[in-house]
Amino acid sequence: MWLSSADWMPRNFIRRVEVAFPIEDSSLKDRIGEEILGTQLLDNVKSRFLHPDGHYERILPGSYGTPTTPVRSQERLMALARRGSAPAEQPLVAGHEMFPPGERRPARRRRKRL
């Protein structure tokens, strides 16, 4: 398993240095594969499917093998980050509430006007 910039486009290799590095620790590989990549692959709210002809199709709950309940990977990853660096005791599975009752959704920071 390797980690790198997600934006490996030809234009980015001209004026930038893109870095890729191997993940060698087996427990870290498992965690990245299950918690991060697994969560991304379950997203059925913001994800799109790229067809061979180049057009994108929105992924809906239940399509392409995704859960029937809405899963938004960004919210799940934020919840995972709030738990801390220790692996989650229970996996983030479909139907898991991102913001349990009594827990407020984080407020967005407002930009200062110049």
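Which residue forms a salt bridge with E75? The tour will reach that pair after a view of the whole chain. The model on the screen is predicted.

**The whole chain**

Begin by displaying the chain as a cartoon. The chain contains three helices and four strands. Colour the residues by accessibility next: of the 114 residues, 19% count as buried. Contacts can also be considered by separation in sequence. Among contacts between residues at least 6 apart in sequence, 35% join residues at least 24 apart.

**Helices α2 and α3**

Select residues 26–42, which form helix α2, together with residues 73–83, which form helix α3. Two packed helices are described by the angle between their axes and the distance between the axes. Here the axes come within 9 Å and cross at roughly 160°. The helix α2 is therefore roughly antiparallel to α3, since angles over 145 degrees are counted in that way. The crossing of α2 and α3 is right-handed.

Now show the side chains where the two helices meet. On α2, the contact is made by E35, I36, T39 and Q40. On α3, the residues in the contact are S73, R76, L77 and L80. By type, the residues of this contact divide into three nonpolar, three polar and two charged.

**The salt bridges**

The structure holds two salt bridges. For one of them, stay on helix α2 and select R31 and E35. These residues form a salt bridge whose closest N and O atoms are 2.8 Å apart. Both lie in helix α2, four residues apart, which is about one turn of the helix. E35 counts as buried because its relative accessible area is 15%, and the limit for buried is under 20%. E35 also belongs to the contact of α2 with α3.

Next select R72 and E75, the pair that answers the opening question: R72 forms a salt bridge with E75. The closest N and O atoms of this pair are 3.8 Å apart. R72 has a relative accessible area of 28% and is partly exposed, whereas E75 is buried at 14%.

Move to N44, which lies in the loop between α2 and β3 (48–50). With a relative accessibility of 2%, N44 counts as buried, because this value is under 20%. Which residues does N44 touch, not counting those up to four places away in sequence? They are I59, L60, P61, G62, T66, P67, T69, P70 and V71. N44 and S63 are 19 residues apart along the chain, and their C-alpha atoms are separated by 7.9 Å.

The last stop is Y64, in the loop between β4 (56–58) and α3. Y64 is partly exposed, with a relative accessible area of 43%. Leaving aside neighbours within four places in sequence, Y64 is in contact with F49, H51, E57 and I59. One of these, I59, is also touched by N44. To finish, draw a distance from Y64 to F49: these residues are 15 apart along the chain, and their C-alpha atoms are separated by 8.8 Å.

Methods. Residues numbered from 1 in each chain as written. Predicted model: local features only at pLDDT ≥ 70, side-chain atom pairs only at ≥ 80, totals over all residues. Heavy atoms only, no water. Axes fitted to C-alpha atoms, helices over the stretch in contact; angles between N-to-C directions. Parallel < 35°, antiparallel > 145°, perpendicular 65-115°, else oblique. Left-handed = near helix turned anticlockwise from the far one by under 90°. Contact = heavy atoms within 4.5 Å. Nonpolar A, V, L, I, M, F, W, Y, C, P; charged D, E, K, R; others polar. Salt bridge = Lys/Arg side-chain N within 4 Å of Asp/Glu carboxyl O. Buried < 20%, exposed > 50% of the residue type's maximum accessible area, 1.4 Å probe, protein only.
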